[in-house]
Amino acid sequence: KRGEVFSIVFSIFARFSPLEVSKDHGGPYLRPYGSGLLSDQAPSFSLTILVLAMLAIVTFDGFMETPIWLEIKIGIVSITYLTPLLTIAQNAFGNLESILETVGLVTAPIAFLFVYFITCGTISWLDSAHEGSDRPPLTTNMAARQFVLTLVPIAIAYHLAHYLSYFLIAGQLFIPLMSDPFGLGWDLFNTANHRINIGIINAKTVWHISIGVIVVGHMVAVYLAHVTALRVFVDRRRALVSQLPMIALMVGYTSFSLWILAQPIVES
């Protein structure tokens, strides 16, 4: 619950599920998609950081497939005054490309955290400028914790869009494994010699599905953020004003995700 990262990540994604199982009330029970991401209690600060890091890492994973990232790596290597430092790093750690990708993997969550907390700081500033309220303004830290789970639908949509073709192709490996799960030469279901069909889905179909799921994920995220704002601020005007920076962040993140998905198709 507190240290095994995959269990925590999967539990976050499970909040989007239409099924709910509670240790207090049993189940399973049906619920609207995404309603599990709405909570009266704000997530902890550490969970907030984990969610943001999760979003940043999967985004960077897609960004590494773009021509822009290749140009960035070539540009860094070609900088003359960095050559001694890069030589030392290569001698110490090995492959230079892996070093640059590791630096990018570390930098991406930091950049995402910076943008998100700037957004939450703007929410706090707009709320503090609102007059005539008997409630104290929302702090940057509390805004970050309250709204972070509303970004999860976009993350789920991007996971689906980014890994759909990989899942459909690599997932076919399950078919021969059903017949020979232990690699002992069995053929229990006559599927041991099944060959992967790499043409099971084409790039055009993947692109259209990706656009659809990311746009829907964005719409759900905006709705959840609006519901959260109404719960947090109670006052409708404060809630609406607070959502301007969050909507800008979500639109920017969604646009960037679509741009990443478009890059390999455009280049090919």
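The cover over the buried residues of helix 1 includes helix 2 (45-63) and helix 7 (152-170). The model is predicted: local features need pLDDT of at least 70, side-chain atom pairs count only at pLDDT 80 or more, and totals for chains, interfaces and linings use all residues. Residues are numbered from 1 along each chain as its sequence is written, and side-chain values use heavy atoms, with hydrogens and water left out.

**Exercise 1.** Determine which residues of helix 1 are buried, and how they are arranged around the axis.

*Solution.* Helices are DSSP runs (H or I, at least four residues), numbered from the N terminus. Buried means under 20% relative accessible area, exposed over 50%, and partly exposed in between (1.4 Å probe, protein chains only).
1. In helix 1 (residues 5-14), the buried residues are I8, V9 and I12.
2. They cover an arc of only 95° around the axis, so they lie on the same side of helix 1; the arc is that of the directions from the helix axis to the C-beta atoms.
3. An α-helix has 3.6 residues a turn, so residues three or four places apart point the same way.
4. The exposed residues F6 and F10 are carried on the face of helix 1 turned away from its buried side.

**Exercise 2.** Describe the surroundings of W69.

*Solution.* Contact means heavy atoms within 4.5 Å.
1. W69 belongs to helix 3 (residues 67-77).
2. W69 counts as buried because its relative accessibility is 6%.
3. Apart from neighbours within four places in sequence, W69 contacts F60, F63, M64, L100, E101 and G104.
4. Rings of Phe, Tyr and Trp (its six-membered ring) pair if their centres lie within 6.5 Å; planes under 30 degrees apart count as stacked, over 60 as edge-to-face and the rest as tilted. The structure holds twelve aromatic pairs. F60 and W69 form an edge-to-face pair, at 5.2 Å centre to centre with 80° between the planes.
5. Both F60 and W69 are buried.
6. Ring pairs join F60, F63, W69, F256 and W259 into a cluster.

Definitions and conventions. Helices (H or I, at least four residues) and strands (E, at least two) are DSSP runs, numbered from the N terminus.
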